[in-house]
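Thank you all for coming. I would like to take a few minutes to walk through one structure, starting with its overall build and then turning to its charged and nonpolar side chains.

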Amino acid sequence: MTSVKKLMREYRTLDEIRERKDELLDELRQDNTKMSTMWNQVFLKRENNTKTDYIASIVTNGIVAFDTFMLIRKLMKGYGILFGKKKKQKKSFL
């Protein structure tokens, strides 16, 4: 493991402490502004302006739903015992 070294500043006066406090406050405000901008961009509603985009999104969602269904079906068939589904036993007529 690599060790993390923190930079330690030595403060000799209250003015140095106040200056550092102001620097940190400015950094926090800048980070807050960046985070709020990024947060708002995540939840922007994107409008589908044309019918082509609308149809493409429907087809894409359909393909994803079908793919998900097939994946779950395959997993249930192979690992159904993990999901509480018992394997069917074949009956022999001897």
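Predicted model: local features only at pLDDT ≥ 70, side-chain atom pairs only at ≥ 80, totals over all residues.

Residues are numbered from 1 along each chain as its sequence is written, and side-chain values use heavy atoms, with hydrogens and water left out.

On that basis, the protein has two helices and zero strands. Helix α1 covers residues 14–42, and helix α2 covers residues 51–79. I will call a residue buried under 20% relative accessible area, exposed over 50%, and partly exposed in between, using a 1.4 Å probe and protein chains only. By that scale, 1% of the 94 residues count as buried. The accessible surface, calculated by the Shrake-Rupley method with a 1.4 Å probe and, for residues, with only the protein chains shown as cover, comes to about 10600 Å², and 59% of it belongs to carbon and sulfur atoms.

Let me turn to the charged pairs. How many salt bridges does a search of the whole structure find? The search finds three, where a salt bridge is a side-chain nitrogen of Lys or Arg within 4 Å of a carboxyl oxygen of Asp or Glu. One of them joins E10 to R12, with the closest N and O atoms 3.7 Å apart; E10 is exposed at 64% relative accessible area, and R12 is exposed at 68%.

Another links R18 and D15, at 3.4 Å from N to O, and because these two residues are three apart in helix α1, about one helical turn separates them. R18 itself is partly exposed, at 49% relative accessibility.

R20 and E23 also meet in a salt bridge, at 3.3 Å from N to O, and they too are three residues apart in helix α1, so about one helical turn lies between them. R20 counts as partly exposed at 22%, and E23 counts as partly exposed at 36%. Setting aside residues up to four places away in sequence, R20 touches R9, Y11 and E27, contact meaning heavy atoms within 4.5 Å. The C-alpha atoms of R20 and R9 are 9.7 Å apart, although 11 residues separate the two along the chain.

Finally, the surface patches, which are made of residues with over 30% relative accessible area and no salt bridge, like charges being joined within 9 Å and nonpolar side chains (Val, Leu, Ile, Met, Phe, Trp, Tyr) within 5 Å. Which residues gather in the patch of negative charge? They are E16, E19, D22, D26, E27 and D31, with Lys and Arg counted as positive, Asp and Glu as negative, and His and the chain ends not counted. The place of a charge is taken as NZ of Lys, CZ of Arg, CG of Asp or CD of Glu. D26, found in helix α1, is partly exposed at 42% relative accessibility.

The nonpolar patch consists of Y54, I55, I58, V59 and I63, which together have about 500 Å² of accessible area, and Y54 lies in helix α2.

Note on methods: Helix = DSSP H or I, 4+ residues; strand = E, 2+ residues; numbered from the N terminus.
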